[in-house]
Amino acid sequence: MGSLRARFSAALSTSGRPVQRRRSPRAVARCSGWWRRNPASVRPVMCVLGKNKVGKPLRWKGTSDLDGPSERPHPLIGTVDLGEVLVNEAYEGLESCEEELEAPTSVNVTGKHEVFIPNTSGEAVTAMIATTTSKVKEENTGKAEQLQNKVVFNVVFVTSEAGPYSKAGGLADVCGSLPIALAVRGHRVMVISPRYLNGVSNSEYATVSDTGIRTKVSCFGQQEVGFFHEYRAGVDWVFVDHPSFHRPGNPYGDGNGAFGDNQFRFTLLSHAACEAPLVLPLKGYTYGQSCLFIANDWHAGLIPLLLAAKYRPHGVYKDARSILVIHNLAHQGVEPATTYHNLGLPPEWYSAVEWVFPEWARTHALDKGETVNILKGAIVTVDRIVTVSEGYAWEITTSEGGCGLHELLSSRKSVLNGISNGIDVDDWDPTSDKHIPFHYSVDDFTGKAKCKAALQKELGLPIWSKCPVIGFIGRLDYQKGIDLIMTGIPELLQDDIQFIMLGTGDRQTEDWMRSMESNFKEKFRGWVGFNVPISHRITAACDILLMPSRFEPCGLNQLYAMRYGAVPVVHRTGGLRDTVENFNPHANEGRGLGTGWAFSPLTKESMLRALRLAITTFRDHKALWEGLMKRGMSRDYTWEKAASKYEQIFQWALIDPPYVR
Ligand SMILES: Nc1ncnc2c1ncn2[C@@H]1O[C@H](COP(=O)(O)OP(=O)(O)O[C@H]2O[C@H](CO)[C@@H](O)[C@H](O)[C@H]2O)[C@@H](O)[C@H]1O
């Protein structure tokens with residue numbers, strides 16, 4: 001191949017405009033690039049990521065004209081202020097590239113050249129990168145050195161939900177944003193989830209296209225699946241297509257409860273996900289066998305089992321590793337033992353998923369309690385386990401929080417870690433949120449007061465600015481402590497407060513919400529359904545957000561609430577304990593410390609006590625209240641910290657050999 005410089009042309013565009021081709025300029029600032037080669041065609045490709053002034057990631061495409069355009073994520077390199085946009089130093093051009101070059105290498109960039117960068121409204125801005133300053137040069141050199149030492153991974157997330165395509169709860173939020181944060185850090189990231197078509201509107205998948213690739217997977221006899229794909233925000237979003245994913249309802253069920261064939265549907269997902277890195281040539285080449293699978297919850301729990309039982313014995317995925325992320329241990333994918341033969345695992349692997357319920361949990365005299373438990377099988381065979389907060393990582397090793405799996409999880413403590421979730425700070429930003437009528441920030445709360453009045457008006461509640469509005473958003477599920485709400489809130493409504501509830505799930509609670517509305521016309525509103533814009537409007541409008549969760553692996557609503565200046569009142573459990581700092585009015589020379597109230601034990605009395613304290617503080621101690629709001633709003637909720645912790649887990653996963661029997 002020889003020197004590539006003369007043949008390489010950078011083409012930087014995220015605006016969808018025709019890619020501009022330029023000859024490679026020469027060096028001033030030192031940059032570093034990751035070169036990946038298509039094993040088949042030896043094609044190095046490159047892409048640069050940056051951030052604009054509001055922190056939105058920018059993706060610059062680098063193309064090689066060796067054999068057509070390609071793009072790959074590339075780590076951030078330095079910073080150059082272009083006036084209109086703040087970008088990370090552009091890579092453009094390289095000095096030389098030998099054919100065998102695979103590892104990070106240094107390349108040189110020079111003074112002026114044109115790039116296309118979208119500004120905050122998405123339009124392209126043509127900018128000239130002026131000669132870099134010495135500060136930038138220094139930064140570049142430092143970062144280049146850091147990046148040269150950085151290991152990048154082929155990461156494959158497997159999940160039953162990924163926002164914005166599909167969402168029933170917090171799993172979608174995490175799998176919609178953590179992969180992007182990892183891609184920004186230079187990893188090649190794929191997310192695989194089902195292509196749900198619910199028959200009403202499938203606009204979420206409008207930009208996704210059929211790869212035309214179909215593959216047969218050996219489970220439940222033999223099944224054929226297709227793959228759809230979209231490359232967005234530096235991530236390959238892959239959707240497994242099968243008729244069983246095309247039906248009304250949410251990813252797991254409909255008004256009549258959970259779908260009866262969920263084991264079938266998610267077994268398909270796991271099998272298809274194991275094939276995808278081998279068969280999908282995304283932007284030119286496959287992810288290949290050296291992958292890190294991130295299996296989220298039981299729906300992807302077969303992944304480590306399939307790697308160990310089906311692929312590795314045949315020499316495939318020998319260098320792959322798997323990490324199980326537990327978002328909710330209460331759901332384990334348990335079905336009768338007779339379904340084992342459908343899972344596509346060899347008969348001798350039965351014991352890995354075998355799960356026998358204790359006698360007290362069996363339903364009748366002839367019930368032997370024999371089941372297959374997919375999550376259990378994953379815990380046994382996976383290389384590492386992550387839960388979504390440190391508190392929950394400990395709780396699941398106790399008999400109270402382990403949902404029957406605590407002993408097994410305790411036995412795997414050495415590979416178990418907790419990492420608190422971040423949030424999508426672009427999606428959840430009170431200064432620019434498209435779902436809320438007024439914007440506000442930590443420096444000016446006027447917009448929040450207007451949001452409150454607007455929601456009161458929208459819901460037909462009296463517009464009382466001095467009346468604290470308490471919100472609840474979440475699945476109407478035993479986990480979320482709705483029984484406590486149902487017993488405690490009618491008592492609280494004797495006081496001058498308003499309570500707004502958004503949720504769907506348990507039918508009885510939905511009926512209770514409707515009856516509360518007619519009993520407390522001026523004080524209670526219940527919105528039955530799943531509605532993302534309304535969830536943003538409630539978060540922006542309410543003064544207090546209640547989360548009396550029985551257990552909470554991490555919880556996202558308390559994070560959204562704090563970012564929006566709504567003070568959380570939570571049960572002190574799991575991730576809520578880790579993320580909500582209990583308010584101490586005396587600390588900090590009487591100015592107070594903390595971001596909310598974390599009550600314990602989980603009783604109606606202790607919940608009401610915390611709520612009454614919050615209400616009194618809201619009414620009578622304005623300065624303390626503003627302090628609470630400000631501290632919550634100023635915290636760092638980005639994914640960056642969590643993403644770097646995940647990277648550490650990736651490295652640990654690779655240190656140990658994979659699970660073999
Ligand atoms: N009716 C409705 N309308 C609109 N939006 C609604 C809604 N009901 C819920 N939501 C949204 O769904 C998400 C719920 O996230 P949570 O983390 O609070 O809970 P969940 O139990 O689903 O997630 C599990 O996984 C996540 C991610 O790891 C963990 O944080 C959590 O503890 C664990 O139980 C939030 O974005 C919320 O706004």
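Strand β25 contributes the most to the lining of the largest cavity, namely 3 residues; strands here are DSSP runs of E of at least two residues, and helices are runs of H or I of at least four, both numbered from the N terminus. The model is a predicted one, where local features need pLDDT of at least 70 and side-chain atom pairs pLDDT 80 or more, while totals for chains, interfaces and linings use all residues. Residues are numbered from 1 along each chain as its sequence is written, and side-chain values use heavy atoms, with hydrogens and water left out.

As for the sheet, β25 sits in an open one of 6 strands, ordered β27-β26-β25-β28-β29-β30 with parallel pairing (two strands pair if DSSP finds at least two bridges between them). Its edge strands are β27 (524–528) and β30 (597–599), each pairing on one side only. Between β28 (residues 544–547) and β29 (residues 567–571) there are 4 bridges, and Met547 stands opposite Val570 in β29.

Back to the hole itself: the structure has 1 cavity of 30 Å³ or more. A cavity is a set of points on a 1 Å grid over the protein atoms alone where a 1.4 Å probe fits but cannot get out, and lining residues have an atom within 4 Å of a point. The largest cavity holds about 50 Å³ of space, a volume being the space filled by probe spheres set on the points, which are joined across faces, edges and corners. Its lining includes Phe472, Ile473, Gly474 and Met547. By class, the lining has 4 nonpolar, 3 polar and 2 charged residues, with Gly counted as polar and Asp, Glu, Lys and Arg as charged.

Methods
On a 1 Å grid over the protein atoms alone, a cavity is a set of points where a 1.4 Å probe fits but cannot get out, and a pocket is an open set with protein on both sides within 12 Å along at least five of seven lines; lining residues have an atom within 4 Å of a point.
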